[in-house]
Amino acid sequence: LDPGRLPPAAGAGVAGGVTQPTRVLAFDLETTDLDADFGNMIAFGYKWLDEGKAHVLSLLDTNDACGKCGRVDAVSDAPLVKAAWPILASADVWLTWYGKGFDAKYMNTRVLDAGLKPLPPVSHIDLYFTAKHHLKLSSNRLASVQDFLRLPTKKTPLTKRVWRQAQAGHVPSIKYIVDHCRHDVDVLDEAYAKLRPYVRQHPP
């Protein structure tokens, strides 16, 4: 069974008489602060698991940059939120790591701040809780699980200095965070392939 496509559920979409499999969207946010009323989004990484390629949208794609100063406007993330909204809304299932505790709530907050309508209800597989409930590890952080499962993609380190510089719109730091976000999404996909048998019930 292709891990990017779940079996058709009752009521699944039908196009041309053919039942369409459920599409799973892995995603990850990189932000300037852990609280969404203080911070905003730097990058939105995502991957359709039936396509196999991670993509990252960032402030570098949506906001104006100053060529002379090497910085981008990092104050407003509204254009980035608007770009991410239709991608998230078109998924049948979200796949995250602690996304129920952070990414989904953060996105909801930034959507409201941008003046957009709320995202539609989407079924959500959060592998953090899959690992927490079914494994006994010293840490349930994604980096620890990646190491334990010997996944081929490794998370890249993200230092406080790079994070602070990205908050100020420093273009090279944001580019590093974009690469970091892409690695996170790939690790998430690989972890899903290993942990899927432990997901208690895939959403319809």
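# Close-up views of a predicted model

View 1. At 6% relative accessibility, D184 counts as buried, because buried means under 20% relative accessible area. The model shown in this and every other view is predicted. D184 has its place in helix α7, and, once its neighbours within four places in sequence are set aside, D184 is in contact with D28, E30, L142 and K155.

**View 2. H180, also in helix α7.** Helix α7 holds H180 as well, and this residue counts as buried because its relative accessibility is 6%. If residues up to four places away in sequence are not counted, the residues that H180 touches are E30, K155, T156, P157 and L158. E30 and K155 are therefore names to look for in both views, since D184 is in contact with E30 and K155 and H180 touches E30 and K155 too, where contact means heavy atoms within 4.5 Å.

**View 3. The largest pocket and its lining.** Rolling a probe the size of a water molecule over the atoms shows where empty space is left. In this model, the largest pocket contains about 910 Å³ of space. The pocket is lined by 27 residues, and those closest to its centre are E30, R141, K155, H180 and D184. Sorted by kind, the lining is made up of 15 nonpolar, five polar and seven charged residues. Which elements each supply at least two residues of this lining? They are the strand β4 (22-31) and the helices α5 (142-149), α6 (160-167) and α7 (171-195).

**View 4. The buried face of helix α5.** An α-helix has 3.6 residues a turn, so residues three or four places apart point the same way. In α5 the buried residues are L142, V145, Q146 and L149. Seen down the axis of α5, these buried residues fall within an arc of 105 degrees, so they line one face of the helix. The element against which the buried residues of α5 pack is α7.

View 5. Most residues other than glycine have a negative phi, and most peptide bonds are trans. R150, a residue other than glycine, has a positive phi, near 55 degrees, and its place is in the loop between α5 and α6. Is R150 buried or exposed? R150 counts as exposed, because its relative accessibility is 73% and exposed means over 50%.

**View 6. A43 in strand β5.** Strand β5 is where A43 is found, and at 0% relative accessibility this residue counts as buried. Not counting residues up to four places away in sequence, A43 touches D28, L29, E30, V56, L57, S58, L80 and C181. The C-alpha atom of A43 is separated by 9.3 Å from that of D77, although the two residues are 34 residues apart along the chain.

**View 7. F44 and the largest nonpolar core.** The largest nonpolar core has 38 residues, of which L25, M41, F44, L88, W94 and M107 touch the most other members. The elements that give two or more residues to this core are β4, β5 (41-48), α2 (78-89), α3 (103-113), α6 and α7, and the one that gives the most is α2, with seven residues. For F44, leaving aside its neighbours within four places in sequence, the contacts are F27, D28, L29, H55, V56, L57, A84, I87, L88 and C181. There is also a second, separate core, which has 23 residues and includes V24, A54, V93 and I125.

View 8. The residues D103, A104, Y106, M107, R110 and V111 are buried in α3. Around the axis they cover an arc of only 160 degrees, which puts them on the same side of α3. K105, L112 and D113, on the other side of the helix, are exposed. Among the elements that cover the buried residues of α3 are β4, β5, α2, β9 (93-96) and β10 (123-126). Just after α3 comes G115, which takes a positive phi of about 80 degrees.

View 9. Y98 has its place in the loop between β9 and α3. Although Y98 is not a glycine, its phi is positive, at about 60 degrees. With a relative accessible area of 37%, Y98 is partly exposed.

Technical notes:
Residues are numbered from 1 along each chain as its sequence is written. This is a predicted model: local features need pLDDT of at least 70, side-chain atom pairs count only at pLDDT 80 or more; totals for chains, interfaces and linings use all residues. Side-chain values use heavy atoms; hydrogens and water are left out. On a 1 Å grid over the protein atoms alone, a cavity is a set of points where a 1.4 Å probe fits but cannot get out, and a pocket is an open set with protein on both sides within 12 Å along at least five of seven lines; lining residues have an atom within 4 Å of a point. Grid points are joined across faces, edges and corners, and a volume is the space filled by probe spheres set on the points. Helices (H or I, at least four residues) and strands (E, at least two) are DSSP runs, numbered from the N terminus. Ala, Val, Leu, Ile, Met, Phe, Trp, Tyr, Cys and Pro count as nonpolar, Asp, Glu, Lys and Arg as charged, and the others, Gly among them, as polar. A nonpolar core is a set of buried Ala, Val, Leu, Ile, Met, Phe, Trp, Tyr and Cys residues joined through side-chain atoms within 4.5 Å. Buried means under 20% relative accessible area, exposed over 50%, partly exposed in between (1.4 Å probe, protein chains only). The arc is that of the directions from the helix axis to the C-beta atoms.
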